[in-house]
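Okay, thanks for coming, everyone.

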Amino acid sequence: MATILAVGAHPDDVEIGMGGTVAAHTAAGHEVTILDLTRGELSTNGTARERAAEALEAAAILGAAREDLGLPDLGFAVDGESVRALVDVIRRLRPAIVLGPYWEDRHPDHVRCSRLVTEAAFAAGVAKFAPGRAAHRPPLTAYYFINTEAVPSFVIDVSAHYERKLAALAAHRTQFDRSPGHSRGTPLNDPNFLSFVQSRDRLFGAKTGVTFAEGFVCRGLQRIASLTDLTGPAGSE
Ligand SMILES: [Zn+2]
């Protein structure tokens with residue numbers, strides 16, 4: 001069984017981009033940890049305390065563990081301090097796979113989180129960098145989509161786990177529930193946003209012969225052991 005580390009800038013990033021993939025992998029017995037760089041304390045709706053409770057509820061729905069690094073929302077930098085903090089988590093958990101947001105996104109925190117994941121995944125394997133815990137270079141680093149999409153390097157069929165993705169997103173009530181008088185309108189609680197996420201998952205699914213799939217991008221070429229590791233749409237021409 002593999003250990004998987006999924007990193008987001010804010011609680012809900014991982015759910016948006018790869019909640020179905022988290023659910024699919026925990027259902028198969030893999031250990032998944034969701035790591036939020038910040039507590040999303042600057043979000044328009046919800047306090048840090050409310051968001052922390054929602055984040056734990058969402059992780060429980062997906063069967064994942066959850067931690068946060070406590071970096072400042074909309075203020076963290078990709079520097080020695082933040083790289084060392086993420087390196088420490090990578091060396092402690094020793095994941096086979098690390099995931100972060102895709103590097104093109106309208107939110108600067110997502111772009112920085114993407115860079116931080118790239119840098120820390122590399123630095124964690126450099127023994128003389130921040131000596132302490134044993135070095136560990138995750139064999140695979142991949143990137144999931146939040147506000148954008150590109151041609152994925154691969155997609156994961158999440159059709160059987162889609163209800164849990166939606167339930168995990170709904171658990172982030174302060175972010176996705178636009179109740180009059182309770183929440184202020186944001187791009188996130190605009191119903192079009194959830195439609196966008198579902199449309200993207202449906203598109204990647206339809207292109208590969210399933211109902212819902214989540215897409216991922218890798219920077220390098222990935223090697224597979226056998227042609228049979230690739231399962232395309234059955235009966236396609
Ligand atoms: Zn975010």
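Two housekeeping points before that. This is a predicted model, so for local features a pLDDT of at least 70 is needed, side-chain atom pairs count only at pLDDT 80 or more, and totals for chains, interfaces and linings use all residues. Residue numbers start from 1 along each chain, as its sequence is written.

So, the sheet. Helices and strands here are DSSP runs, numbered from the N terminus: H or I with at least four residues for helices, E with at least two for strands. What is the strand order? It's an open sheet of seven strands, ordered 3-2-1-4-5-7-6, and the pairing is mixed. Two strands pair if DSSP finds at least two bridges between them. At the edges sit strand 3 (65–68) and strand 6, each pairing on one side only. On average, neighbouring strands are turned by 30° against each other, direction ignored. For angles like that, axes are lines fitted to C-alpha atoms, for helices over the stretch in contact, and the angles run from 0 to 180 degrees between N-to-C directions.

Helix 4 packs on this sheet and touches strand 1, strand 4 (97–101) and strand 5, with its direction at about 155° to that of strand 4. Contact, by the way, means C-beta atoms, placed from the backbone, within 7 Å.

Now look at strand 7, residues 213–217. Four of its five residues are buried, so the rest of the structure largely encloses it. Buried means 20 or more other C-beta atoms within 10 Å of a residue's own, exposed means 12 or fewer, and partly exposed is in between, with C-beta atoms placed from the backbone. Strand 7 pairs antiparallel with strand 5 (residues 140–144) over two bridges, and there Tyr144 stands opposite Phe216. With strand 6 (residues 154–157), strand 7 is again antiparallel, over four bridges, and Val155 faces Gly215. Lying across strand 6 and strand 7 is helix 7 (residues 191–207), which runs at about 90° to strand 7.

On to helix 1. Where is its kink centred? On Gly19, with a bend of about 75°; the bend at a residue is the angle between axes fitted to the seven residues ending there and the seven starting there. The expected span of a helix is 1.5 Å times one less than its number of residues. For the 15 residues of helix 1 (residues 13–27) that should give 21 Å, and the end C-alpha atoms are 20 Å apart, which agrees. Is helix 1 mostly covered or mostly open? Mostly covered, with 13 of 15 residues buried. After helix 1 comes Gly29, with a positive phi near 95°.

Next, the core. A nonpolar core is a set of buried Ala, Val, Leu, Ile, Met, Phe, Trp, Tyr and Cys residues joined through C-beta atoms within 7 Å. The largest one has 54 residues, and Ala6, Val7, Val22 and Ala120 have the most contacts inside it. Helix 1 gives the most to this core, six residues. Neighbours within four places in sequence aside, Ala6 contacts Val14, Met18, Val22, Val32, Ile34 and Leu99.

Most residues other than glycine have a negative phi. Asp12, in the loop between strand 1 (3–8) and helix 1, has a positive phi near 110°. Asp12 counts as buried because it has 26 C-beta neighbours inside 10 Å. Ala130 sits in the loop between helix 4 (108–123) and strand 5, and its phi is positive too, near 45°. With 17 C-beta neighbours inside 10 Å, Ala130 counts as partly exposed.

Last stop, Leu71, in the loop between strand 3 and helix 3 (80–93). Leu71 is buried, with 21 other C-beta atoms within 10 Å. Which residues does Leu71 contact, leaving aside neighbours within four places in sequence? Leu37, Thr38, Phe76 and Ser82. Leu37 is 34 residues away along the chain, yet the C-alpha atoms of Leu71 and Leu37 are separated by 5.7 Å.

That's my tour, thanks.

Key: Two residues are in contact if their C-beta atoms, placed from the backbone, lie within 7 Å.
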